[in-house]
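I record below what I looked up, pair by pair.

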Amino acid sequence: MRIVMVGAGYVGLVSGACLADFGHAVTCVDRDPDKIAALEAGRMPIYEPGLDALVAENVRQGRLAFRTRLHEAVAEADAVFIAVGTPSRRGDGFADLSFVFAAAREIAAALTGHTVVITKSTVPVGTGDEVERIIRETAPDADVAVVSNPEFLREGAAIADFKRPDRIVVGTEDPRAEAVLREIYRPLYLNAAPILVTGRRTAELTKYAANAFLATKITFINEIADLCEAVGADVQQVARGIGLDGRIGTKFLHAGPGYGGSCFPKDTLALVKTAQDAASPLRIVETVVAVNDSRKRAMARKVIRACGGNVRDKTVAVLGLTFKPDTDDMREAPALAVIAGLQDAGARVRAYDPEGMDQARALLPGVAFTGDAYDCAEGADALVIVTEWNAFRALDLDRLRAAMRTPVLVDLRNIYDAASAERHGFTYQGIGRVKDCTAGQAS
Ligand code: UDX
């Protein structure tokens, strides 16, 4: 298949490289000449494990190319994916679709022969209808079908998610288009990845419903964690106790500082708007958005409490800045709100992140960036783990404590065991893990 991927951002680049790896001939198009020049020189615009090698190999094999103009590539293509950004619109939080519609117009002007245009960007319900209208208006004679094929890629694990998906959702009622999509994903037959063929609007909504459900699951366990702290219970044991029920499942039940990233915050907000506009409000998701927003800032207050109620002129060391490990993405990262809250309360903040510091620098004025975790802890009155990078899971606690002025450890990801941290001389605060009073009475 000859495939064009419009947009060489996170989703477009990973999807394009994986489709090339399946054996298709893929052209990734992006308007940004610097990005294309960098990609041609083998430099990735994002940090994603394994992506540089995958891109290099497929470029070498002649299956993957990068262009700034889409005209020639679209003219020859069997399938054109739209994978441009859909940021939250300033003001109302609705997804900004201007890049999607601009891409549709440009694609329409270049179409020849039968072509399937596939929206991979996360777009609100009904966007496929609008993309189709734009294409038919621009190119009334084009032999084209417009399909929704949402992505479910996690940053940091995107290549594995693309190659071993739980499912592939294809929104089309056109049998020819369905056949093209089945051919594109044929290499996954061996993995027996289920392909769900649905209506276009159903596919669009499925993506939002999946992300909103996962965000709800995280927010639920985060509130249970707060309750655990209030009543003397352990959220990790509660999570396991409920997660082993097959109807609930153990995944996405890790209590933490609130979800961040490029998808959950934006997609939950966009879904709330869609539902309000359809006069069918999603009150649960509205609450999830509000609870998660206030949680990030509440984490700063938690750190302040752990420091005895005052951080003025104290030094707080923050380990982990990105919204999750294995990415350099700082979008909606809880660290931003936590650090702002600490600075507002008068703290000096030192920080370290294995991959995110370049992105973080511009967003975090006044923060001292350090060379590693131990350097970060130097002279600190508290050490706060915000992102659970593997490099932070087995730190030498004696060395850390020796570097710090006051040995307070606030572990917002529950990666340390309270008892062992205390044995190393730390005052330890996790999330939802106060000592169970009944366990205390029994021993
Ligand atoms: C997510 C979806 O998982 C993916 O399917 C979708 O297409 C894009 O959005 P991603 O944003 O890369 O992927 O990250 P994910 O691993 O889902 O984590 C999102 C946020 O939730 C992170 O801030 C993470 O730390 C947090 N999280 C996740 C928790 O706090 N607890 C959990 O149990 C799981």
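Entry 1. I looked up aspartate 143 and arginine 176, whose side chains meet in a salt bridge (2.9 Å, N to O). A salt bridge is a side-chain nitrogen of Lys or Arg within 4 Å of a carboxyl oxygen of Asp or Glu. The pair links distant parts of the chain, 33 residues apart: aspartate 143 is in the loop between H6 and strand E6 (144-148), and arginine 176 is in helix H8 (residues 175-184). Helices (H or I, at least four residues) and strands (E, at least two) are DSSP runs, numbered from the N terminus. Aspartate 143 is partly exposed at 35% relative accessible area, and arginine 176 is partly exposed at 46%. Buried means under 20% relative accessible area, exposed over 50%, and partly exposed in between (1.4 Å probe, protein chains only).

Entry 2. I noted the source: this is a predicted model, in which local features need pLDDT of at least 70, side-chain atom pairs count only at pLDDT 80 or more, and totals for chains, interfaces and linings use all residues. Residues are numbered from 1 along each chain as its sequence is written, and side-chain values use heavy atoms, with hydrogens and water left out.

Entry 3. I turned to arginine 201, which forms a salt bridge with aspartate 129; their closest N and O atoms are 2.8 Å apart. Arginine 201 lies in helix H9 (residues 200-231) and aspartate 129 in helix H6 (residues 127-138), 72 residues apart. A network of salt bridges links Asp129, Glu132, Arg136, Arg200 and Arg201.

Entry 4. I searched the whole structure and found 26 salt bridges.
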